[in-house]
Protein chains: 2
Amino acid sequence: MIQRLVVIGVGLIGGSLARALKTACAVGEVVGVGRDARHLAQAVELGVIDRAATLTEAVRGADMIVVAVPVGSIGGVLREIALDIADHAAVTDVGSVKGSVIEGARAALGRRFPAFVPGHPIAGTEQSGVAASTADLFRGRRVILTPAQETRLDALARVSDMWAAAGAEVLSMGADKHDDILAGTSHLPHVLAFTLIDLLVRTHGSGVFELAGTGLRDTTRVAASDPVMWRDICLSNQDAILRVLEQYQTDLGALAEAVRRGDGQWLQDLFARAKHARAGWVE
Amino acid sequence: MIQRLVVIGVGLIGGSLARALKTACAVGEVVGVGRDARHLAQAVELGVIDRAATLTEAVRGADMIVVAVPVGSIGGVLREIALDIADHAAVTDVGSVKGSVIEGARAALGRRFPAFVPGHPIAGTEQSGVAASTADLFRGRRVILTPAQETRLDALARVSDMWAAAGAEVLSMGADKHDDILAGTSHLPHVLAFTLIDLLVRTHGSGVFELAGTGLRDTTRVAASDPVMWRDICLSNQDAILRVLEQYQTDLGALAEAVRRGDGQWLQDLFARAKHARAGWVE
């Protein structure tokens with residue numbers, strides 16, 4: 001049971017976590033912190049948080065602190081709260097990149113760093129904001145924790161329990177592995193979709209969508225995601241994203257070469273391999 | 001009113017068209033033709049077609065002939081039926097590429113070519129086969145007709161009426177323009193998705209999907225599409241696909257360069273532009 005949950009950044013993820021824990025009766029009080037007072041008032045009105053407070057006021061005495069802001073802002077938030085974190089508190093984040101967040105947290109938190117449990121729920125939609133939050137966003141989803149060597153075991157256990165109470169399946173792995181895999185499964189698909197939409201509209205104008213089907217609609221759904229969040233992710237997972245982008249460019253070059261030489265067998269083999277692999281996933 | 005509709009290739013598209021026209025009471029008899037007898041028996045059982053027949057038997061005396069086979073097989077089918085097409089008949093196809101199909105049809109049909117109305121319904125799912133066909137697949141969808149100079153106006157009007165009866169909105173444009181736009185809105189997204197899945201599984205194994213969210217699932221839905229159909233499309237729209245692939249490669253290169261130099265503003269601008277453009281589409 002969490003006595004006081006502090007959610008810093010009451011958006012889709014922070015708001016959904018608060019809702020899920022309230023629904024599961026796994027939390028006493030939920031205090032929200034954010035830059036936009038109207039937004040926080042909306043969160044209170046929706047019953048997502050019990051009250052809004054300043055950073056310092058909220059964090060003092062809290063036993064669970066969730067930093068749910070874009071990756072590029074996590075370090076700054078941790079620096080602001082470092083001196084106010086209670087001895088028994090656990091602090092976690094929900095950022096899509098873990099290596100650079102851990103580095104930033106170590107620098108920001110100093111002797112409080114062992115309270116920090118780096119986390120990443122593999123959940124979300126292309127929407128953002130507290131109005132889009134739901135109590136079941138994490139149900140059946142995976143949450144990856146990437147503890148550092150210094151991470152306190154009791155903090156790790158409590159963050160893990162929190163996500164389990166929200167309905168998620170919790171996994172643990174190294175931050176490097178996380179960032180490498182997510183660069184491929186999440187970061188690359190997002191930049192591919194943003195780039196595709198931009199190319200189509202630049203070439204054909206916005207009327208191009210009138211000649212598009214459900215394939216393009218689904219393929220580019222993630223291009224409706226928050227630009228600041230994705231800017232931060234690209235900057236924070238630079239190396240892994242560049243590696244997978246380079247491999248993708250090489251693969252696309254080989255595909256173009258096969259199209260150019262009219263190599264139907266090569267194309268059919270690739271497409272069949274991909275179809276087969278994806279069918280295994282969906283089952 | 002169509003007296004006898006012949007559907008050559010009773011799959012998702014051909015089967016859905018037959019269902020839609022039956023539901024709209026816009027067709028007398030539906031005769032199906034295909035290579036697989038069990039498949040045709042299933043189509044009869046499902047009530048999609050009234051009976052199966054050989055190509056020649058079906059086409060003689062038919063007033064509407066729909067060739068719903070992969071793009072690479074259309075020319076061969078037209079060559080087989082050329083001598084049996086009735087004077088008053090209209091012939092159309094549903095291929096995703098129009099320029100090369102028109103060339104093939106002109107060569108295959110000879111003096112019957114004016115009966116041919118090149119068509120492309122912008123509809124479908126990643127599924128295939130008659131079992132996936134539905135009467136409402138084309139409802140509210142666009143169908144593009146790309147008549148040649150020789151195309152008979154009465155044939156054009158009857159094919160247009162047929163698609164309208166199936167619930168679609170019918171547009172007309174030049175084949176070159178169609179192939180250029182569809183290379184971007186449909187063919188490129190498909191090859192991007194096939195390539196992405198193949199890269200991920202090759203790099204991380206099939207367990208990679210356990211760390212993937214709904215973003216990747218939607219982004220790659222089209223990678224479950226039929227490999228032979230997409231091989232044919234790549235080979236038939238070679239030039240336009242190579243052009244848009246080259247532009248996409250250039251754009252991805254610029255993105256990688258921005259990530260490398262840590263240019264957050266460039267990235268945020270691109271993502272915001274794409275998000276804005278896509279929001280306009282969805283509304």
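Begin by selecting strand E1 (residues 2–8) of chain A together with E2(A), which pair in the parallel sense over six bridges; strands are DSSP runs of at least two residues, numbered from the N terminus, and two of them pair if DSSP finds at least two bridges between them. This is a predicted model, in which local features need pLDDT of at least 70 and side-chain atom pairs count only at pLDDT 80 or more, while totals for chains, interfaces and linings use all residues. Residues are numbered from 1 along each chain as its sequence is written, chains are lettered from A in the order in which they are written, and side-chain values use heavy atoms, without hydrogens or water.

Next, pick Arg4(A), whose bridge partner in E2(A) is Glu29(A).

Now show both chains, where 78 residues of chain B are in contact (heavy atoms within 4.5 Å) with 78 residues of chain A. The area buried between them, meaning the accessible area (1.4 Å probe) that the two lose on being put together, summed over both, is about 7700 Å², and carbon and sulfur atoms give 68% of it. In chain B, select Leu211(B), Arg278(B) and Trp281(B), which lose the most area to chain A, together 10% of what that side buries.

Finally, zoom in on Asp251(B) and Arg202(A), whose side chains meet in a salt bridge at 3.0 Å, N to O; the term requires a side-chain nitrogen of Lys or Arg within 4 Å of a carboxyl oxygen of Asp or Glu. The count between chain B and chain A is six salt bridges.

Conventions:
Helix = DSSP H or I, 4+ residues; strand = E, 2+ residues; numbered from the N terminus.
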